[in-house]
Amino acid sequence: MNFIKNLFMDKCPHCNKVLMNSTSSILNPIVIKSCPEGHYEKEYHSALETVIEKHKY
Ligand SMILES: [Zn+2]
């Protein structure tokens with residue numbers, strides 16, 4: 001259940017700001033959302049049905 005919860009959590013776990021969508025192309029199968037302060041980044045790989053989280057703080 002934690003994975004499902006994380007999948008829909010679009011806030012930085014560090015500063016709780018809403019993540020910004022930084023994907024430049026709609027043809028890109030990878031959606032990247034990141035904290036505006038640079039703490040945290042999340043990549044959605046739709047083809048692989050995988051989420052990669054990067055903690056930067
Ligand atoms: Zn943050």
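This is a predicted model: local features need pLDDT of at least 70, side-chain atom pairs count only at pLDDT 80 or more; totals for chains, interfaces and linings use all residues.

User: Fine. Which elements does the protein chain have, from the N terminus on?

Analyst: Helices (H or I, at least four residues) and strands (E, at least two) are DSSP runs, numbered from the N terminus. Here the protein chain has 1 helix and 4 strands, and the elements run α-β-β-β-β.

User: What is the order of the strands in the open sheet?

Analyst: To count as paired, two strands need at least two bridges between them as found by DSSP. In this model the 4 strands form an open sheet in the order S1-S2-S3-S4, with antiparallel pairing. Strand S1 (20–21) and strand S4 (50–55) are the edge strands, each pairing on one side only.

User: How many bridges join S1 to S2?

Analyst: S1 and S2 run antiparallel and are joined by 2 bridges. Methionine 20 stands opposite serine 34 in S2.

User: And what about S2 and S3, over how many bridges do they pair?

Analyst: S2 and S3 are antiparallel too, over 5 bridges. If you want landmarks, lysine 33 has lysine 42 in S3 as its bridge partner, and isoleucine 30 stands opposite histidine 45 in S3. Strand S3 (residues 40–45) then pairs with S4 in the antiparallel sense over 6 bridges. There, tyrosine 44 has valine 51 in S4 as its bridge partner.

User: How should I think about side chains along a strand?

Analyst: In a regular strand, side chains alternate between the two faces of the sheet. Keep that in mind when you step along the strands on screen.

User: Now the backbone. Which residue takes a positive phi in the hairpin of S2 and S3?

Analyst: The general idea first: most residues other than glycine have a negative phi. The hairpin of S2 and S3 has 5 residues between the strands, and glycine 38 takes a positive phi near 85 degrees there. The hairpin of S3 and S4 has 4 residues between the strands, with glutamate 49 at a positive phi near 55 degrees. Glutamate 49 is not a glycine, though. Asparagine 16 is another residue other than glycine with a positive phi, near 70 degrees, and it sits in the loop between helix H1 (2–7) and S1.

User: Why does glutamate 49 count as exposed?

Analyst: Exposure is a neighbour count: a residue is buried if 20 or more other C-beta atoms lie within 10 Å of its own, exposed if 12 or fewer, and partly exposed in between, with C-beta atoms placed from the backbone. Glutamate 49 counts as exposed because it has 8 C-beta neighbours inside 10 Å. Asparagine 16 is exposed as well, since 9 other C-beta atoms lie within 10 Å.

User: What share of the residues in the protein chain is buried?

Analyst: Buried residues make up 5% of the 57 residues. S4 is hardly covered: the count of buried residues among its 6 residues is 0.

User: Which residues does proline 29 touch, beyond those up to four places away in sequence?

Analyst: Two residues are in contact if their C-beta atoms, placed from the backbone, lie within 7 Å. By that test proline 29 touches His45, Ser46 and Ala47. Proline 29 lies in the loop between S1 and strand S2 (30–34); its C-alpha is 5.8 Å from that of serine 46, 17 residues apart in sequence. Proline 29 still counts as exposed, because it has 11 C-beta neighbours inside 10 Å.

User: Where is lysine 56 found?

Analyst: Lysine 56 is in the segment after S4. Its contacts, leaving aside neighbours within four places in sequence, are Gly38, His39, Tyr40 and Glu41. Lysine 56 is exposed, because 12 other C-beta atoms lie within 10 Å.

Technical notes:
Residues are numbered from 1 along each chain as its sequence is written.
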